[in-house]
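This report covers a sheet, its strand pairing, and the contacts made by aromatic rings. Please keep the sequence and the 3D view open while reading.

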Amino acid sequence: MKKSIIFVFAASMLLLSSCNDFLDKSPRDTFTNTPAFWSNTNDVASYSNKFYDNYTGYSSSGSSGWFYFTNLNDDQATSAFKDWTFKTIPNTSSDWSGPFTEIRRVNYMLQGLQNAQLSQKDIMYYTAVGRLNRAWQYYQLVRKYGDVEWINYPILNPEDELVYGKRTDRDVVMDSVLNDLNFAIANLSPVSDKTQWSAEMATAMKSDICLYEGTFCKYRTQADNGKAPDAARAQKYLQESVTASEALMKSGLFSLSAKYGDIYNSLSLGTNKEIIFYRNYEKDVVMHSIIDYTCGSTEQSGLTKDAIDAFLFRDGKPLATTSMNKDDKAVINKDGNYSIATILNNRDPRLSVLIDSIICFKGHSWARLNDKGQASGSALMTSSTGYTIKKFDNTTLDVYYRTNIGTGYTDAPLYWYAVILLNEAEAKAELNSITQTDLDNTVNLLQKRVGLPNLTLQPLADPNKNMNVSDLLWEIRRVRRCELMLDNWYRYWDLVRWHQLDKLDSGVNPAVNLGANLTNVANNKTTVNADNYIVPTSKVRQFDHKYYVYPIPSNELNLNTSIQQNANWAN
C-alpha cells in the first residue's frame, strides 16, 4: 500500500503535519516557519529559550522534578512503592515521544538558521544552542532505549526514507552527540548569566555525558545491553570526560561553596561560585513544591537503611571497620521525640545536612520549625522510613511558602562544580591514571569540606564492597553517592552505567526497603521487621535483566515496522 501522510505525532518518524504542530511547545501563540522568522533575533531567541523548560530542576507547581522524587533507587523507599519504570510494554510513552518532539524543534531551528539574515556570530551562537539541546535529548533517548534513529533535519516529505527508517546504532548516535557538544563548546559564549547557555555549561554537560558513555561501554554486556564491552571506546570517552572536567577546573571560574548543602536551598544561586548552570524561581511568579513535599503533611519518601549505611563514620571508616559507636537505634529525647543525634554525630556530616535528627513515622508525627520558631501548623511530618529529608528546606521562609503546593521559590542547581570534581576522579580512576594529587584536587576537596579524612590511592578494603571493582573505585563511588544523594536521578543512572542495576532488587538486598531502627520505640503504628527496622512496604522489587533498557512503545512498532523491540522485551 502506498505510504500516506499520517496526521499523528509519531515521534519516532517525526512527520510534519503542519507548521502549527509546535503550538503546544512554541514560545509564541503561533509559529511560522519562514525566512523572516529565522532572521528576527527576538523570534529566534524566544524560540530557543523554550528549550530551558527541558531542564526540570525542582519543576513547577505541584509536579515532581529531578531532586528528591528519585525513589527508583537504593537511597529512598516509599510506602506507595516505586517499582521499575516499565514492567510491561506500553502503547505510548513520553519518554520516547518527548525527546523526539524537542529534536524536531531543534532541527527546525538549525535548518532555518542556514539561510537566516542574521550576523554570522548570532547564527553560530544559535546553531550551538540547537546542537547542545539536540545532544541533550539524544542522550536521554540512548540511556533509556539504546539504538534510536538519528535525525538531523526536519522531515517535510512523507516519502522521506527516514520516515520508516531503522534505529541507528547507539554508539553512532553517541558519537554524533559528542560532535554536537564539541560544536556547542566552541561556539557558545563564556558564562555570564548562569541561567543562560554558555560554553562552560556545555562543557559540564560533556563531562557528565562522556563519563556515562565511557563507563557504560566498559561495563555493558551483550546479553543485557545488546553490545559487548568496548575497552577502546570506553577509554576514548573517559578521556573526553577528563578533558572537559579539567577545562572547568583550570578555568578558575568555579569553586566549592564553603558549606555542603548551601546550593540546594538558596534563594539566589546567581553569584554562587559552585554553580555552573541553574534554574531560577521567583516568589509568587514561578515556583515549585519540593519544600512542601519535604516538610509538609504528605508522607515523605524517606532515606533507606542502605543509604544510611553508605555514609562513612567520622574516622573515615565504613560501617564494617569503624571503631566508633555503630548503634543506630533511635532514643527518646526530653521532648518525647525519637532522636538519632548520636548516629548523626558519628557519621559523615553530609548525612546531617540531608536528614533531620528526629525520626517520625505513622503514629508519631513531628514538625520541623522555621527560623522564627513557627511550626507548620497541621502539616506535621511523617516519613515512610522514619528518616525525613531536610536538605531542600529553607527555614528562613514563612510557613506558607514551605508547606503549600507550588509555593517554593529556592533556586535549583543543574550543573555544579562538585559534580565535575567527582567526574574527574572517577574517570581517571577508571583510566588507571589517577594520582594522589588528582585525589587531593577532586574528591578530597569534598571530603575536606565536611571534615572527613583524605582518600588515598590504597584505601582499606570495605568488607561490604559488592561491585567487583577496586577498593579505590568503590570509595570514589561512595563519595559520589553520598555527595549527590537524591540529586538529578544520578544514583539510578550510575547503577545502570556501572551495570549494577540488580542492587535495586529488594528481595536480594532488603536494606533498600528498610528504614529506621525502632527498637526503643513503644507502641508504634508502623510495620517493622524482626530486627525492628521499619519496612515501608511489603511489596518486593524484583530485578530482571531487561530493565537495563526501556521497551519501545508498541504504537511506534506498529507505525514503523523497520524498528524492532529491544531484545529482552521481545521474548
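In what order do the three strands of the open sheet lie, and is their pairing parallel or antiparallel?

The model is predicted. Its open sheet of three strands runs in the order β4-β5-β6, and the pairing is antiparallel. Strands β4 (331–332) and β6 (358–359) form the edges, each pairing on one side only.

Two bridges join β5 (residues 338–339) to β6 in the antiparallel sense. Across from Ser339 stands Ile358 of β6. In general, strands of a sheet pair through backbone hydrogen bonds.

## Aromatic pairs

The structure holds 45 aromatic pairs. One of them joins Tyr55 and Phe277 edge-to-face, at 5.8 Å centre to centre with 90° between the planes. Tyr55 lies in the loop between α2 (41–49) and β1 (76–77), while Phe277 belongs to strand β2 (residues 275–279), so the pair ties together parts 222 residues apart in sequence. Tyr55 and Phe277 are both buried.

The ring centres of Phe100 and Tyr138 are 6.3 Å apart and the planes stand at 90°, so this pair is edge-to-face. Phe100 is in helix α3 (residues 94–113) and Tyr138 in helix α4 (residues 120–145); the pair links distant parts of the chain, 38 residues apart. Both residues, Phe100 and Tyr138, are buried.

## Ring cluster

Ring pairs also link residues into a cluster, whose members include Tyr52, Tyr55, Trp66, Trp136, Phe277 and Trp493.

## Charges over rings

Lys391 lies over the face of Tyr264, 3.8 Å from the ring centre. At Tyr490, the charged end of Arg480 sits over the ring, 5.2 Å from its centre.

Note on methods:
Residues are numbered from 1 along each chain as its sequence is written. This is a predicted model: local features need pLDDT of at least 70, side-chain atom pairs count only at pLDDT 80 or more; totals for chains, interfaces and linings use all residues. Side-chain values use heavy atoms; hydrogens and water are left out. Two strands pair if DSSP finds at least two bridges between them. Helices (H or I, at least four residues) and strands (E, at least two) are DSSP runs, numbered from the N terminus. Rings of Phe, Tyr and Trp (its six-membered ring) pair if their centres lie within 6.5 Å; planes under 30 degrees apart count as stacked, over 60 as edge-to-face and the rest as tilted. Buried means under 20% relative accessible area, exposed over 50%, partly exposed in between (1.4 Å probe, protein chains only). A charge sits over a ring if NZ of Lys or CZ of Arg is within 6 Å of the ring centre and within 35 degrees of the ring normal.
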